[in-house]
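Hi,

Here is the structure I promised to pass on. Have a look at it first, and then read my notes below.

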Amino acid sequence: MDVLPLDPSVPPLHWRSVSKNPVPKRVVEADDRMTADAAFKSVCEGTALLWRGDYPGARQLLAAMGRRADRSTPVAADDAREAFHLHRRAQGRRARLLGMLLVPVDADHRVPLKRAPDVRAACADAYGPPDADDPAFAVSLRELLGVVGAHEWRRKGVPVHALGDDRVHPHYGVFAPVRDEYVDLVARAPLPDDHSAAYDVGTGTGVLAVLLARRGVRHVIATDLDERALACARENVERLGAADRVSVVEADLFPEGRAPLVVCNPPWLPAKPASAVDHAVYDPGSRMLRGFLGGLAGRLAPGGEGWLVLSDLAEHLGLRTRQELLDLVDAAGLRVLDRLDARPTHPRATDIADPLHAARAAETTSLWRLAAAH
């Protein structure tokens, strides 16, 4: 663990970041006397702020810095692709600047600031249980707020329409199934006649694997590479009573063997992720999409189907064309049996203030039913 570059007279603090952000090169202490303008100027110049005031003051300062970051990075472009890249650049700059407001955390995961909430359980979820030998550390307040929010999602669960009254409990760093349309597509697509087995490739929370089991698939193998996702999926499978029908295994895309049904909901946008959760949305070079399509024919049992669940947002943003997608399908020795479509209902689809509103308003999520060409 790196140590913050603080004044030698200050007790040392180590640096933690689950997003793997580098340790700040310069850090000064700050408290409630610092103005938002001075704080924003400091972080723009590359100096991080270690907060020593009260906790609500830190949150208020972070919000004020966010408003200044938004004003200083206008995003406007006529071309959808350019608008997307400008938006990503602005969001990246905003995250970098706001990530430079730091708070201390004791070895037992208490925040030693006045009026600070009890974040011990949330920190244990994200950083692991505290150990007597662990040092005190500093963390970005923005990350800590994300850790606390994710802990609440994990504790309360996320409602999923296709699961009825049951909820899925996402872990920190694992994408939550907050968009019902892609789950609903898997819930209504006609299953192959052979219900003996299915693979859920890149399972995340495990929601699609549980849904397939509830639809009558006798054995579902759910795969992922991320340790957090594997732990999350196993917990949800157990919680939702599907442990006798769903196996969660570590694998890069496919498990061994063949199955009558192979399902994959890969990241939808071919761009570089900027955080752990971004990996569920951004797929550099369409690696996972290409890997799934390229290996699918060899993993299908005779007469089997592959279900690709994919938004066309990338097409509306000029990041991938429909023909490029169809060319990938054809090059993989696959054919399209059918396509089921759904329009998104999430709030961003109707938010006219969103810089990417035109693309989001036109978006359709599809389940492509694929089979081997021969």
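One term before anything else: buried means under 20% relative accessible area, exposed means over 50%, and partly exposed is in between, with a 1.4 Å probe and protein chains only. Bear in mind that this is a predicted model, so local features need pLDDT of at least 70 and side-chain atom pairs count only at pLDDT 80 or more, while totals for chains, interfaces and linings use all residues. Residues are numbered from 1 along each chain as its sequence is written, and side-chain values use heavy atoms, with hydrogens and water left out.

Let's start with Ala332. At 17% relative accessibility, Ala332 counts as buried. You'll find Ala332 in the loop between α11 (322–331) and β13 (334–342); helices (H or I, at least four residues) and strands (E, at least two) are DSSP runs, numbered from the N terminus. Leaving out residues up to four places away in sequence, Ala332 touches Leu293, Gly294 and Ala297, where contact means heavy atoms within 4.5 Å. Ala332 and Gly294 are 38 residues apart in sequence, yet their C-alpha atoms are 4.9 Å apart in space.

Leu293 leads on to the core. A nonpolar core here is a set of buried Ala, Val, Leu, Ile, Met, Phe, Trp, Tyr and Cys residues joined through side-chain atoms within 4.5 Å. The largest one has 59 residues, and Leu293 is among those with the most contacts inside it, along with Leu212, Val246, Val262, Trp307 and Leu308. Helix α7 (residues 207–214) supplies the largest share of this core, 7 residues. There is also a second, separate core of 45 residues, which includes Leu13, Ala39, Tyr127 and Tyr172.

Now the sheet. It is open, has 7 strands in the order β10-β9-β8-β11-β12-β14-β13, and its pairing is mixed; two strands pair if DSSP finds at least two bridges between them. β10 (246–250) and β13 stand at the edges with a single partner strand each, so one side of each is left without a neighbour in the sheet. On average, neighbouring strands are turned by 20 degrees against each other, direction ignored.

Strand β14 (residues 365–372) has 7 of its 8 residues buried, so it is largely enclosed by the rest of the structure. β14 pairs in the antiparallel sense with strand β12 (residues 300–311) over 6 bridges, and 8 bridges join β14 to β13, also antiparallel. Thr365 in β14 stands opposite Ser311 and opposite Ala342. By contrast, strand β8 (residues 198–201) and strand β11 (residues 259–264) run parallel, joined by 4 bridges.

Helix α9 (residues 287–296) lies across β8, β11, β12, β13 and β14, running at about 165 degrees to β12. α11 lies across β12, β13 and β14, at about 140 degrees to β13. Axes are lines fitted to C-alpha atoms, for helices over the stretch in contact, and angles run from 0 to 180 degrees between N-to-C directions.

One last item is a helix pair. The axes of helix α4 (residues 120–127) and helix α5 (residues 141–156) come within 9 Å and cross at roughly 95 degrees. α4 and α5 are therefore roughly perpendicular to each other (65 to 115 degrees; under 35 counts as roughly parallel, over 145 as roughly antiparallel and the rest as oblique).

Cheers
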